[in-house]
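These are my notebook entries on one structure. I wrote them while looking up its strands, chain contacts and cores.

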Amino acid sequence: MNFYPYEEDSLLFSKISARNVFIVLVILFFSVYIGSEQFGYFDMALYGYLWATILCFVLLTIRITSWTLRPPTRRLWKQGIKMMFSAKGLAFVLKTLYTNIGEQKFIRKRSMYRWAQHMFISWGVLFSFAITFALVLNWLHFELVEPKTYAAVVFGIPLFRMGVDSPLAIAIYHGLNWTGIATIIGCGMALYRRVTDEKKLVEQSKEYDFFPLFLLIAISITGSLLTVSALWMEGAFYLGIGLAHQVTVIIFLLYFPFSKFWHLPLRFLAVMVPVYHSMAEQKPCARCGREYATVTQIKDVQLALEKRHLSVPIEHTNLHFSDMCAECRRVSHRLGGYGAKIELGQAHLILEPTGRNGLQLKKGGKQ
Amino acid sequence: MGHAQNKDYSQRDYDAILRDGEELISTHCCFCGMQCGMNIRVRKEDQSVVGVEPRYDFPMNGGRLCPKGVAAYRQAEHQERILHPLIRKNGKLEQATWDEAMDLIVSKIQEIQGKYGKDAFGIYSGSSMTNEKCYLMGKFARIGLGTKNIDYNGRYCMSSASVGFNQSLGLDRGGTNPWSDIKFADVLLIAGSNTAECHPLSMPYIWGARDRGAKLIVVDPRQTKTALVADVHLNIRPGTDVALVNGLLHVMIKEDLIDKDFITNHTTGFEELKELVHSYNPAYVSEITGTAADKIITAARIFGQAKNGFAMFARGVEQHATGTDAVSNYVNLCLVTGKFGRKGSGVATFTGQGNGQGGREHGQKTDQLPGFRKITDPKAREYIAGVWGVDESELPGPGLSAFEMLQSLGKEIKGLLLVCSNPIVSSPTVGDVGEYLKSLDFFVCMDFFLSESAELADVVLPSTVWIEDNGTMTNVEGRVLRVKGVDRTPGESKRDWKVICDIAERLGRGQYFQFNSPEDIFNELRVASKGGIADYYGITYEKLDKMQGVFWPCPTEESEGMPRLFEDLTFNFPDGKARILAFEYKGPNERTSKEYPIILTTGRVVYHYLSGNQTRRIDTLRNFCPDPYVEIHPKLAEQYNISNGETVKVSSPRGSIELVAKITKITREDMVFVPYHWGKSLAINHLTNPALEPKSKIPEFKVCAVKLEKIASSAGEMHG
Amino acid sequence: MDKVLYIDYERCIGCRACVIGCEECSGHDHLSRMFVDELNPGETVATSPTPCMHCVTPACAESCPVQAISIAADGTVLSASMEKCIGCKNCTYACPFGIPKVDDVKKVMYKCDMCYDRTSKGRPPMCASVCPTDTIRFVDQSDLKNDPPKPVQFKWDFGGTIIETRTVIGLPDTEENRFGYREGDGVQS
């Protein structure tokens, strides 16, 4: 895999990364500062998690910076964000956010089983993230305000109160247990599919696929065992289990930006795609005239390729191969191979082979 | 590795992939006479058919397959398969039990035969079945039912080639040579065959020859995929083959490009030919055929000068009112130039049906008994009666040929058993054929899909698809090979040979049909064919597996068959000499007229097989070619103001259909082309001419006169 | 042992056995990644198959905003990873040869992977296995590129951008114009 930045100016990448990391660290610092009420409430048991979380944020920032510096990524983000400024665009994006990430409809279209499995894992993991980060970074904590009443304090502001034994309190204490169970179910389904499904997709090599599942299961099981130990075993093995849990979580946090889990941030870019495809002018193929893309996207792709010195122009014209639909691209190469003329009906040009396996304007081929 | 006979074929050095939990059934494709080898992937757990895996080691195709071959397995798990017997009740086909169906069939047979005589019950059979089944159908007709009226759909397919070969060479084997011999030819003359689409797996052999420098001459009215890569493309007007070949012979004789020694020593009749073709000079032939005189001369020179060469042809030559003349005339090309009996020299017809060769050898043809014996030959009758254990007098004589049989339904023939065929799509004047079938007192059909013909039946019996049975097939070369299957019969379906044996049992003729396996039947077939022309006596299942097929004749257990015929240049006549026969050009039965000014010719597309009952149901194949169309040359289209994609009405004196126009320069200006794989309102056979070839009784599918009319409104939805 | 696809397209009969065969590869989920195109319908029946050209520097991968397209150790350009692909279609436009396809409903890109399931076991891809006319062949890369049987294409110069492909295209014999499509001819009587 290519984790390297896309721009040739690698210094640019370092500079921007440093800047972004700095910004993220400052924001983190202040959020912890405020959340812990000037470091007043600090759960020292979560100290190890805190540093791992901070490191995870730093790594993630660098990874995202490298990613968004790549011209195609940058273009797509920009286009998406630009479109969100219109009410229609924003509504579209929000709707896609729900169908893509909320109900994950596209996975349901791939397979129902896969969808159920992925819903368990993704929501299990996302809620675990939310709870873990909130607690570790002290964005949220509970204060005993009366002998039998807790107050939930978010960023230093007491939000609500609840009885120590109230069902709500129990649901919240065990939040991570519920998400853990969901994750275990999902991972179990995923493992079962990997073992029974004979289809060997080359895109999913085994090490890439099994390790993350085992990691998630390890985190979820050690986490749940903590509860088991506390509730039913009078705290037996608590320290050992706690240490194991901490180790697995820290591995996960550091592994996250460079692993299969990296697709999570990518899904947010996916939300931009439908609006990107539908809210721009359609482009007809230069040869057959069939609409096959949007004008914007073809321009974006050509720009991205140019930055990579991979432009594929049709010589002596201002067209690129991407100005033709996929079928016309395939056919044009073959007609060129026959030495036949290639009529671009829509662009009113006639092409011929260059003799170097490319295509060019035929002499007098402008109509 | 492999038997010496397979040395020059196109097998490849790879093993098939066997996946976990699966087994591979090594068998052959059910579509077309090439009989390409393939492995069927079967899931062990439930015996379900899950896919196809190339059989790289089979000589004929080396794992290669055409789209029909790749998709063939998809019939097995198809949801439209008939899984229960159906009986017509109150005008509708309804699910019934086997006992009900069999009781009804037997009582109807007895009733009809009791009332109108034995011959009033006919059998219309097919040639895509194994040799075992084809043999059984013939035997069942003669001594199960005791009817003379059995014929088969090969009548529409292979019969002209058969008669032509017999009258010229004294023997009919589709290919006189193993297919690998094609690679060693210096010239290939392919006539009336769109080999690339109808027998795609012959193309590696044709390219094999070309890669060695061979020239390719293609005779076809259209610039097909085959003609596109020809050195000379003789795009003759449909139905003018006899004249064209006379022209080629004229040039070769005039320019002394003939083999006089061969003619003198191994043929008779050359002088008559020479005299007859004298008037067929290139200019005259050019006028008849509508192809340029210089191309005729070039083709004649290429063919005449080549040391080795093949004349190969298919339905484009054969399905004519003078089809047998044309076949023998093409054979003449090889006879006068001495292209016989060597690697790289011979004649061949591209067998269309899966078992087009085997199906015409073992007695389901009305004039024939097993082993290519004539039913009128007293010795043959004596022998076969002996094999079957009946008295010679019990054997009926020859009955009606396929189309004549259809025409006599409701009149002479009151009951019909239809097996492995769909005549209401494949016959000429299909509208009338529907009426014939409806006029029957009783009509029973065996099939695994409810074909257009089956829809009209009183009883439909569910049979199995080809990979659910065992047996042998005989391919285009005359190679007998083993078809293997999965041991399963989905739903209540039964293998058709078992059903036939059951009916015989219920008719009280069971003692003649005590077969427990296809191999039992084959062993009887071996004895029945012994001493005949197509002699299978020395062929065993074991030998077929070991040698990857055996070429007949194989008369003894020691024999390894005869891949190449006539190596000693002795032809199958008492004097050992081939017959050079001379034919005057007569032209097609129906000529164009003022009212019907355009020639219609029909043919196939690569995605479909015959009446399309199988291939039209396979999604992928149907999607690539969902509906028929009419190919029109731009100049002709201009006359009628027709643009591409518009709907056109094509009519002949017999009927009309509406089709989408495909404007293309590949066709001639004086003709249109329509593929024939569709039924009902999409059947081009509403228009085709039922004129029969006098000797082979093949209908003239390839030429009739039509007119075109542009239809203003669009045709709407059409789905075949 | 390094074998690549060789396309000798003047032999193509347009039967699409390769297209259907492609569905039969275990890793392909019954989605065909092969193309057969009519070159000039109405003028000729000439057709050509196109599998992925497996570029050394694939434009599809370079244009992917989520880096979902990777290259296997043997140089095979793979389909986009299922979890990364966002279905944006950049790859389908960037590819100069018109190969990648995106399933709009499942939101996933798929393309020829040379039947990794087969080639990893030393067997030819399905298209080369079934092609009835040997238009598509699976042959030794160095033999083919160093000593081609006829003029071939595997280095493409697009206005200075050089793209090298693992797949090799055999050019029709246009010198003698013996085989295949002849421009403007139609059928001469």
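**Entry 1: a hairpin in chain C**

I first asked: how many residues lie between β9(C) and β10(C) in their hairpin, and which residue in the turn has a positive phi? I found two residues between the strands, and G159(C) in the turn has a positive phi of about 55°. I noted that this is a predicted model, in which local features need pLDDT of at least 70 and side-chain atom pairs count only at pLDDT 80 or more, while totals for chains, interfaces and linings use all residues. Residues are numbered from 1 along each chain as its sequence is written, and chains are lettered from A and ligands numbered from 1 in the order in which they are written.

I recorded that helices (H or I, at least four residues) and strands (E, at least two) are DSSP runs, numbered from the N terminus. Two strands pair if DSSP finds at least two bridges between them. Strand β9 (residues 152–158) and strand β10 (residues 161–170) of chain C pair in the antiparallel sense over six bridges. Within this pair, K155(C) stands opposite E164(C).

**Entry 2: strands of chain A**

I looked up an open sheet of three strands in chain A; the order is β1-β2-β3, with antiparallel pairing. β1 (140–146) and β3 (157–163) each have a single partner strand, so one side of each is left without a neighbour in the sheet. Neighbouring strands are turned by 30° against each other on average, direction ignored; the axes are lines fitted to C-alpha atoms, for helices over the stretch in contact, and angles run from 0 to 180 degrees between N-to-C directions. Strand β2 (residues 149–154) of chain A is joined to β3(A) by six bridges, and A152(A) stands opposite F160(A).

I then followed β7 (residues 349–353) of chain A. Three antiparallel bridges join strand β6 (residues 342–344) of chain A to β7(A), with L349(A) as the bridge partner of L344(A). Four antiparallel bridges join β7(A) to strand β8 (residues 359–366) of chain A, where the bridge partner of L349(A) is K366(A). The hairpin of β6(A) and β7(A) has four residues between the strands, and H348(A) takes a positive phi near 55°. The hairpin of β7(A) and β8(A) has five residues between the strands, and G355(A) takes a positive phi near 90°.

**Entry 3: the parallel sheet of chain B**

I noted an open sheet of five strands in chain B, in the order β10-β9-β8-β12-β13, with parallel pairing. Its edge strands, β10 (232–234) and β13 (346–349), each pair on one side only. The twist averages 15° from one strand to the next. Strand β9 (residues 215–219) of chain B pairs with β10(B) over three bridges, and V218(B) stands opposite H233(B).

**Entry 4: cores and burial**

Which residues have the most contacts inside the largest nonpolar core? This core has 331 residues, and the residues in question are L188(B), L189(B), I217(B), L248(B), Y330(B) and V650(B). A nonpolar core is a set of buried Ala, Val, Leu, Ile, Met, Phe, Trp, Tyr and Cys residues joined through C-beta atoms within 7 Å. A second, separate core of 17 residues includes I121(A), V125(A), V136(A) and F256(A).

I asked why W678(B) counts as buried. W678(B) counts as buried because it has 26 C-beta neighbours inside 10 Å; the cut-offs are 20 or more other C-beta atoms within 10 Å for buried, 12 or fewer for exposed, and partly exposed in between, with C-beta atoms placed from the backbone. W678(B) lies in the loop between β27 (671–675) and β28 (689–692) of chain B.

**Entry 5: contacts with chain C**

I counted two residues as in contact if their C-beta atoms, placed from the backbone, lie within 7 Å. In chain A, 51 residues are in contact with 55 residues of chain C. The largest share of this side of chain A, nine residues, comes from α14(A). In chain B, 39 residues are in contact with 32 residues of chain C.

**Entry 6: confidence**

Chain B averages a pLDDT (the predictor's confidence in each residue, from 0 to 100) of 96, and 99% of the residues score at least 70. Over residues 715–720 of chain B, the pLDDT is below 50.
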